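Have the structure open and follow along.

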Amino acid sequence: MKRVVGVVAGLAVLVAGVAGADAAAVASGAPSATARQATGPVVWGTCPTVAGKPVNANLECATVRVPLDYREPWGQSIKVAINRIKAKVPRDAGHLGTLLINPGGPGASGRNLTEYVAAILPAKLSERYDIVGFDPRGVGASEPALHCVDPEVYFRPPRPDAVPRTPEEERVLLGRAAAYASGCGNFWAWLLPHLSTENSARDMDTIRAALGEEKISYLGFSYGTYLGAVYATLFPHRIKRMIMDSVVDPTRVWYRANLAQDTAFERRHRQFLAWTARHHATYKLGATVKQTSFAYYAMRERLRSRPAGGIVGPSELDDGFTIAGYSNRVWPEFAQAWSSYVRNGDVSGLLALYTKHGKNDAADENSYAVYLSVQCRDAPWPRQWDKWRADMTTMHRLAPFLTWPNAWYNAPCAFWPVPGGKPVDVQASPQLPPILIVQSRGDAATPYEGALRMRTLFPNTRMVLDKGGNHGISLSGNRCVDRHVAAYLRDGSLPPRDVACDPLPAPRPAERMAAEPPQRPHDLLAILGGLLGAR
């Protein structure tokens, strides 16, 4: 997930009016306004070619028109882009329907995840589902796609240090946040009020209706779990199966969720420092957490005055090493780059990390724009910067690794041109089938406590707990986890009680990310787009 600002006036009216209408439709057996808006079946066609990516003949693409404003379902519409890998099994011979997928964000492209899910699921299972990815409104190939600033200018490195030391440095950072919010408002004043998790959930139901499905199954990662929870609240009768992987706390959207992330990322960062210390013989950065912590912050301080290669300053370093909070698979790569810089003055490793994990292009800016637009719109944010400053100053003392970088990532919400609304009251319904929750115990982006709260709101669930700390657990190589995921998708069966699985083995220093298959979502990093808002 990524952090951002998104606000729309009248969400309470939207919730009360449209949700009330849908509730009445459900009670009467009539189709909802969402379903009525679907004008016909999806017309599938060949997907556009992507430079450098092989063509998958089994991948089909289409668009679905959705109402801009669900209070006016026959008014102005926009387009949501979808793709599909069709089941091989016929409808009358064991076909399991549609599996809709979302990798999180908000702002991440679900169309980028379709091929991976189809390839990594057991063949006898994937061939029974139509696996459908979608770019939520404003994202990627959906129309219109949001862009608020020139990414080559706004993200030009090195950016100002995210940890301000003087009032002037803080004013510079505030000016950047306000400028981004202003840019979005100038370009998209007509659209921003309609970018919200609730509207994306309603778009999901429009997609379902356009596909001709009475019910759909759903696999959501990270922010996608919150999107799924909102969909389950609004359309419980439309769900066949639902998996929530790496769960957002639905009671803390979004300002308080970021503060919880700060402490969780601090713990995870210290685990990385401890791992580096255990491998002192390889990296020579210190044999204790105290020593490696000193080495890390000394590196960050040096980069403040002497950016590596003139590019990687402290903010670029923050962005890159946040990735290590999502997945320990990258730890050898990051520790080696860090060691080469500290021990040998070699900046090539840090520059490579920036190019791979930190550099922002137009697609990243689109993701960030939607992230902010949705999160700033979903819920109220403090509008007085004194509140932010006080909270971050206190939190920084406890969690210096991410507190200020996370705050500035979301700071445009303090200036967003539309107000935050009232979040959907996430809750279960008797019509809702059992849900499977997958969570890691030490997840930094979506802390474990959020999964516990989600389970309280949806009591008819089972949790598969990975004892490690990575983000995005399903379909990432943990056979214990994937066995339960496959069983649930196959026939809806859940374990009789919550299950705990051992994590994958910790990485060894000799391992390199280059040896990994491309776009393995052990990070969901390339696919998720980076950080939660999950950044």
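Predicted model: local features only at pLDDT ≥ 70, side-chain atom pairs only at ≥ 80, totals over all residues.

You'll find Lys284 in the loop that runs between helix H10 (280-283) and helix H11 (289-305). Its phi sits near 55°, a positive value in a residue that isn't glycine. As background, most residues other than glycine have a negative phi, and most peptide bonds are trans.

Leu475 also has a positive phi, about 60°, and is not a glycine either. Is Leu475 buried or exposed? Leu475 is buried, because its relative accessible area is 6% and the cut-off for buried is under 20%. Look for Leu475 in the loop between strand S9 (461-466) and helix H19 (479-491).

## Cis peptide bonds

The one from Gly105 to Pro106 is cis, with omega near -5°, and Pro106 sits in the loop between S4 and helix H3 (114-120). The bond from Glu143 to Pro144 is cis as well, with omega near 0°. Pro144 belongs to the loop joining strand S5 (130-135) and helix H5 (151-154).

## Thr98 in strand S4

Thr98 is part of strand S4, which covers residues 98-102. With 3% relative accessibility, Thr98 counts as buried. What does the side chain of Thr98 make a polar contact with? The partner is the side chain of Glu213, at 2.8 Å.

Leaving aside residues up to four places away in sequence, Thr98 touches Tyr129, Asp130, Val132, Leu211, Glu213, Ile216 and Ser217.

Why is helix H17 (residues 403-410) described as largely enclosed by the rest of the structure? Because eight of its eight residues are buried. Those buried residues include Trp404, Trp408 and Tyr409, along with Pro405 and Ala407. They pack against helix H6 (167-188), helix H9 (255-278), H12, helix H15 (362-378) and helix H16 (385-398).

Helix H6 also holds Gly175, which is partly exposed with a relative accessible area of 39%. Gly175 and Pro412 are 237 residues apart in sequence, and their C-alpha atoms are 9.5 Å apart in space.

H12 gives the most to the lining, with four residues. By class, the lining of the largest cavity has six nonpolar residues, one polar and one charged.

## The whole chain

Zooming out, the protein has 20 helices and ten strands. Of its 535 residues, 60% are buried. Among contacts with a separation of 6 or more, 79% are between residues 24 or more positions apart.

Conventions
Residues numbered from 1 in each chain as written. Heavy atoms only, no water. Helix = DSSP H or I, 4+ residues; strand = E, 2+ residues; numbered from the N terminus. Nonpolar A, V, L, I, M, F, W, Y, C, P; charged D, E, K, R; others polar. Buried < 20%, exposed > 50% of the residue type's maximum accessible area, 1.4 Å probe, protein only. Polar contact = N/O pair within 3.5 Å; in protein donor to acceptor, adjacent residues only side chain to side chain. Contact = heavy atoms within 4.5 Å.
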